[in-house]
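I wanted to know what sits inside this protein and what sits on its surface. Here are my notes from going through it.

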Amino acid sequence: MSSSTLLDRESPHAREDREPTATAGFWTAPLGNSARRRAPSRRAAGWLAGLAGVGMGITIALGLTAESSTSLAAVGGPATAAGRLTGLVAAYLMLVTVLLVARIPALDRAIGHDRLVVWHRRLGPWPLVLVAAHGVLITIGYAQAAKTGALHELWTLLMTYPGVLAGTVGFGLLLAAGVTSYRKARRKLRYETWWTVHLYTYLALALAFSHQVATGASFVGHPAAQLWWTAIWVGTAGVALAYRVLLPIARSAYHQLRVVSVHEEGPGIVSIVCKGKRLDRLALHGGQFMQWRFLARGLWWQAHPYSLSALPHPPYLRVTIKDLGDHSSAVAHVRPGTRIAIEGPYGTFTRHARSRDAVLLAGAGVGVTPLRALLEDLPRHVDVTMLIRASTPADLVLRDEIAELVDARGGRLLELVGPRSDVPLDPRSLQRLVPDLERREVYTCGPDGFNDLIRRAARAAGVRRNHFHVEAFAF
């Protein structure tokens, strides 16, 4: 690797002379008396996991007690009973998947939004499999009891039983959401398309509830089951409404964010400076993100996740965005004075995840933005090595601010600039660049390929999994 492509902050030739951005000096100025932000508590995660397990036990117990020896002994009884039970478990798991992404503050602070989304995706296929099994088993059981063919019985169920057709439509909507959640499918979809498809899952759940109420044998005529299912359906809807709708509305009204200015940071990258009220009461940590909804024509109807590129400097807040789609492209042209609705903050990609006093912050392209805010938020005694990678010098996002912050704390900045063919980065070269990698906590943010490379290098150097933290671009 040539010295012309690798700039080391310990070298006297490490930094090119460049004009700072219009806001660089302001955003690297000391914060002064900023609000103290508490470390997240992890007790809530344990309590909620325990409650989920208890709920599953209650669901299965109520389903089993709704069956009788007579119904099980009847023709088609075993298949029908198995179908009912799989349907109940599927409905319960669907509610759990909704709660995992309901933005419950205690859960998000303890576990982290990214990890909750991973759990949501891993759990998501199981309700679909169980719903499919529910339909097949119920159809077989009813067909056996009626002594008719399965296809004929399926048509009868769809056309004559209340709620069955609605439930089938709901299953189709859930299946669409499940298919678009796979990584290969997500990569081919625009965020707007993916978001719209997933919005229909709420309609699917409403249809599933109507089906359960209308035809659920374990529900109709069983007061305890009625009370339980009403409580968990209404409770889940209430939690989702409170944290996905009402809390963001209240928070947006309280802080009253508006766009102040838009600054170009590099090719296709802009920083949006916002001004609001009482931002010192917004419990933000460096490295976190929020859902941003710019209340302008064509933008107001959807929110997108963007990381903060600096800690709040009340009354100002800043986010840095790259043109990666229709929404981010349009946001680059948003006008000053535009109102903003926010959700969050979210994420555990913060200083509180750290347990060592030496860190490596590795970012590629616009992935340096949460790292730049994290760099500002780390305690002064932490030994920082920061690695930033880009195809050209112009693509080094917020370079001057990062350099100033690293210099101020006596850290080390590595800049890898150039195409991959000229500036390779692999586990071996990373360990040469950061010889003491094994003793460092590693934070990385960038495209999947970059994050995977840093992960492999960290593992090869002996960095334990709990000392590795990643913030991914993928939705």
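The entries below cover the cores, the salt bridges and one surface patch.

**Entry 1: what I'm looking at**

I'm working from a predicted model, not an experimental one.

**Entry 2: the largest core**

The largest nonpolar core has 32 residues, and I looked up which of them touch the most other members: Tyr92, Met94, Trp228, Trp229, Ile232 and Trp233. Next I checked where the core residues come from. Helices α2 (43-65), α4 (77-100), α5 (105-111), α7 (125-146), α11 (191-215) and α12 (223-255) each supply at least two residues of this core. The largest share, 11 residues, is from α4.

I then picked out tryptophan 228 and asked what it contacts beyond its neighbours within four places in sequence. The list I got is Gly55, Ile58, Thr59, Leu62 and Tyr92.

**Entry 3: arginine 318**

Buried or exposed? I checked arginine 318 for this. Its relative accessibility is 0%, so I put arginine 318 down as buried, the cut-off being under 20%. It is part of strand β6, which covers residues 316-322.

Which side chains does the arginine 318 side chain make polar contacts with? I found serine 309, at 2.9 Å, and glutamate 401, at 2.7 Å.

The pairing with glutamate 401 is also a salt bridge, with 2.7 Å between the closest N and O atoms. Arginine 318 is in strand β6 and glutamate 401 is in helix α15 (residues 399-408), so this bridge ties together parts that are 83 residues apart in sequence. I checked both ends for burial: arginine 318 and glutamate 401 are both buried.

I went on from glutamate 401 and found a salt bridge to arginine 372, 2.8 Å from N to O. Arginine 372 belongs to helix α14 (residues 368-377) and glutamate 401 to helix α15, so the pair ties together parts 29 residues apart in sequence. Glutamate 401 and arginine 372 are both buried as well.

How far does the linking go? A network of salt bridges connects Arg318, Arg372, Glu376 and Glu401. For the whole structure I noted 15 salt bridges.

**Entry 4: arginine 399 and aspartate 400**

I looked at one more pair. The side chains of arginine 399 and aspartate 400 form a salt bridge, 3.4 Å from N to O. Arginine 399 has 2% relative accessibility, so it goes down as buried. Aspartate 400, at 8%, counts as buried too.

**Entry 5: a nonpolar patch outside**

Last, I turned to the surface. Trp155, Met159, Leu165 and Val169 make up a nonpolar patch there, and together they have about 420 Å² of accessible area. Which helices supply it? At least two residues of the patch come from each of α8 (150-160) and α9 (164-179).

Conventions
Residues numbered from 1 in each chain as written. Predicted model: local features only at pLDDT ≥ 70, side-chain atom pairs only at ≥ 80, totals over all residues. Heavy atoms only, no water. Helix = DSSP H or I, 4+ residues; strand = E, 2+ residues; numbered from the N terminus. Buried < 20%, exposed > 50% of the residue type's maximum accessible area, 1.4 Å probe, protein only. Polar contact = N/O pair within 3.5 Å; in protein donor to acceptor, adjacent residues only side chain to side chain. Patch = residues over 30% accessible without salt bridge, like charges linked within 9 Å, V, L, I, M, F, W, Y side chains within 5 Å. Areas by Shrake-Rupley, 256 points an atom, 1.4 Å probe, with all protein chains shown as cover. Salt bridge = Lys/Arg side-chain N within 4 Å of Asp/Glu carboxyl O. Core = buried A, V, L, I, M, F, W, Y, C linked by side-chain atoms within 4.5 Å. Contact = heavy atoms within 4.5 Å.
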